[in-house]
Structures are given as C-alpha cells and as structure tokens.
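User: Hi! I would like to go through this model at the level of side chains. Could you take my questions one by one?

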Amino acid sequence: MAFISHQIRRSFSSSAVRNVVIKHVTVIGGGLMGAGIAQVAATTGHSVTLVDTNGDILKKSVKGIEGSLKRVVKKKFADKPEAGEEFIQKILQNVSISTDAGSAAQGSDLVVEAIVENLKIKQDLFSQLDKLAPQHTIFASNTSSLPISDIASSTNRLDRFGGLHFFNPVPMMKLVEVIATSATSQETFDSLLNFSKVLGKTPVSCKDTPGFIVNRLLVPYLLEAVRLHERGHGSKEDIDIAMKLGAGYPMGPFELADYVGLDTVKFIIDGWSAMEPDNPLFAPSEMLNKLVAEGKYGKKTGEGFYKHK
C-alpha cells in the first residue's frame with residue numbers, strides 16, 4: 001500500500017510538472033554564478049527574480065549584469081547605439097531583486113540555487129522553500145560538487161528536484177550539466193533540458209555522481225598534475241606548456257587551477273575524499289593544502305601556483 005501511495009503521489013506531482021512552461025525563474029545567490037544565470041534567463045525573455053540576503057550584493061549584481069550587457073551591445077549594436085540601449089533596458093526590465101527567497105519562490109516555475117557550497121545551508125534553504133513554493137515549482141541546484149540527492153532530501157518534492165550546473169562566465173559558456181537523481185521524474189528532467197536549450201545552452205545529461213561529468217574528470221586531472229610536480233617529475237611551467245601544446249588545451253592545469261581558485265579545488269577534493277577515502281584519485285595534496293592555508297587561492301588573491309598582477 002505504501003508503494004502504491006508513493007506511486008500515486010509521484011504520478012500526481014509529475015502531472016503537475018508536465019504542463020508547466022517555465023516563465024518565471026527565481027535565482028538564489030547574487031554572486032557571479034547567480035547573476036550570470038539571471039542574465040541569460042532574462043535575455044531569453046524569462047521573468048527573473050534574483051535573491052540574496054544582502055541588498056548591497058544585489059545592487060552590485062544588477063550593475064554587473066548591466067555591464068555585461070553593455071559589452072554585448074558594443075559588438076552587436078556597434079552602429080546602432082539607440083537600439084543597443086533599448087536592448088539593455090528590455091532585458092533589465094525582466095530582472096527584479098529581493099531579499100525574501102520565500103516570497104520570490106511563491107510565484108516561480110523554477111527555483112535555481114547558486115549559493116555557498118555548504119550542504120546544510122542548501123538543505124535548510126530548500127526545506128523552507130518547499131513549504132512555500134507552488135506544487136508545480138521545480139527546484140534545481142547549481143552545485144558543482146555536492147550530491148543533488150543529498151540536497152533534495154530536505155524536501156518533499158524529490159521528483160521535482162534536479163541539478164543545473166552552469167559554468168563561469170555563464171553568459172559565455174555554452175555547457176549546462178543537467179543532473180537527474182534516482183527520484184527525478186522524466187517530466188522534470190525534460191523541463192530542465194528544455195529550459196537549458198531555451199537559454200541557448202547545450203545541455204548534457206548527467207547522473208548524480210561526484211563532480212558529474214566535467215569536474216569528475218577535471219579535478220582529478222588538476223590534482224594529478226600537482227602530484228606530478230610534487231614528485232619532481234616536471235616543473236609547473238613545463239607541465240602547463242606540455243598540456244597546451246601536446247593536448248591542445250587552452251590553459252595548462254596550474255594556470256587553470258589558479259583561475260578556478262585553489263580554495264575551490266581543495267574544497268571539492270576534500271569533499272570527495274571524505275566520501276571515498278580509499279580512492280587514490282581523491283587523495284589530498286600537501287602542496288595545494290599549504291597554498292590554501294597561506295591564503296594563496298590563485299588569480300583572485302593575486303597569487304597561487306603563479307603570481308598574478
């Protein structure tokens with residue numbers, strides 16, 4: 001009977017999603033990722049509410065979106081400044097800001113979370129929103145490393161929960177990883193895929209595994225490059241040159257790690273190591289740990305594996 005009841009509930013919930021056209025999107029988190037997601041959604045005609053607990057961050061986010069759009073206008077409307085300004089204003093009219101996530105979620109078809117990579121904070125957020133958002137509303141996390149199923153476990157809409165992993169900078173990067181858990185309904189997954197396509201992105205289907213596709217391959221690659229250097233088998237400069245010229249990569253692993261942020265790389269690998277302590281791919285690096293402990297995170301702090309001006 002419990003199984004039948006579960007199936008009935010899931011069927012009912014899925015039918016609510018089936019007919020939903022995503023028009024209003026709430027993006028939670030006013031950082032670079034959240035603002036980028038808000039920008040591409042607004043550019044494609046969606047009504048967007050960008051949410052953050054800090055009003056000053058929201059103002060900065062809107063200025064950032066406007067600045068990004070101005071760069072687009074310089075290329076797209078070089079000879080038509082008036083049309084360019086109209087283009088910017090039309091998109092900005094699609095964006096509103098709020099410090100009240102619950103209120104914003106009440107009118108949303110899709111809620112995308114792009115906040116700090118902390119499982120408990122994400123779970124608490126979605127647990128609160130689950131009580132306020134309409135039944136048809138789909139929840140999605142932009143997490144790059146945490147299991148979607150663990151985040152979704154704080155809600156009662158497991159079939160209407162998935163992952164939308166965008167890449168930075170969102171307006172320029174074409175890829176979106178669309179993640180389904182074992183409980184995500186096909187209707188929800190299809191809605192997330194279609195939403196990604198409407199944004200002008202290229203979605204790829206992913207299972208709910210550590211790092212999904214890109215980071216699951218990328219982060220161990222970065223760490224193996226560091227270990228290679230730690231063993232004295234190659235300088236960081238030579239390793240970077242080798243991968244750029246030999247593999248055709250635009251950046252070497254040390255350059256890329258500095259760009260991503262060494263603190264971010266460490267956070268991801270530490271989390272995976274805790275989940276799978278016997279997996280050699282997830283073994284920590286003394287050199288990486290030392291740099292992070294010294295506050296040398298890479299490009300954003302001015303120094304990581306390299307010094308940055």
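This is a predicted model: local features need pLDDT of at least 70, side-chain atom pairs count only at pLDDT 80 or more; totals for chains, interfaces and linings use all residues.

User: Which residues in α4 does α3 meet?

Analyst: On the α3 side, the contact involves I65, E66, L69, K70, V72, V73 and K76. By class, the contact of the two helices has eight nonpolar, one polar and three charged residues. The partners in α4 are G84, F87, I88, I91 and L92.

User: At what angle do the axes of α3 and α4 cross?

Analyst: Two packed helices are described by the angle between their axes and the distance between the axes. Here α3 covers residues 55-76 and α4 covers residues 81-92, and their axes come within 9 Å. The crossing of α3 and α4 is right-handed. The angle is roughly 145°.

User: How many aromatic pairs are found in the whole structure, and how are F126 and F161 arranged?

Analyst: A search of the whole structure gives seven aromatic pairs. For F126 and F161, the ring centres are 4.8 Å apart, with 65° between the planes. F126 sits in helix α6 (residues 119-132) and F161 in strand β6 (residues 161-166), so this pair links distant parts of the chain, 35 residues apart. The arrangement of F126 and F161 is edge-to-face.

User: Are F126 and F161 buried or exposed?

Analyst: The cut-off for buried is under 20% relative accessible area. F126 has a relative accessible area of 0%, and F161 also has 0%. Therefore F126 and F161 are both buried.

User: Why is the pair of F139 and F161 edge-to-face, and which aromatic cluster holds these residues?

Analyst: The ring centres of F139 and F161 are 6.1 Å apart and their planes lie at 85°, so the pair counts as edge-to-face. This pair also links distant parts of the chain, with F139 in strand β5 and F161 in strand β6, 22 residues apart. Both residues are buried. The cluster is made up of F126, F139 and F161.

User: Where does S145 lie, and which side chain makes a polar contact with S145?

Analyst: S145 lies in the loop between β5 (138-141) and α7 (148-152). Leaving aside residues up to four places away in sequence, S145 touches E117, G211, F267, I268 and W272. One of these residues is joined to S145 by a side-chain polar contact of 3.1 Å, namely E117.

User: Why does S145 count as buried?

Analyst: Buried means under 20% relative accessible area. S145 counts as buried because its relative accessibility is 5%.

Terms used:
Residues are numbered from 1 along each chain as its sequence is written. Side-chain values use heavy atoms; hydrogens and water are left out. Helices (H or I, at least four residues) and strands (E, at least two) are DSSP runs, numbered from the N terminus. Buried means under 20% relative accessible area, exposed over 50%, partly exposed in between (1.4 Å probe, protein chains only). A polar contact is a pair of N or O atoms within 3.5 Å; within protein, one must be able to donate a hydrogen and the other to accept it, and residues adjacent in sequence count only if both atoms are side-chain atoms. Contact means heavy atoms within 4.5 Å. Axes are lines fitted to C-alpha atoms, for helices over the stretch in contact, and angles run from 0 to 180 degrees between N-to-C directions. A crossing is left-handed if the near helix is turned anticlockwise from the far one by less than a right angle, and right-handed if clockwise. Ala, Val, Leu, Ile, Met, Phe, Trp, Tyr, Cys and Pro count as nonpolar, Asp, Glu, Lys and Arg as charged, and the others, Gly among them, as polar. Rings of Phe, Tyr and Trp (its six-membered ring) pair if their centres lie within 6.5 Å; planes under 30 degrees apart count as stacked, over 60 as edge-to-face and the rest as tilted.
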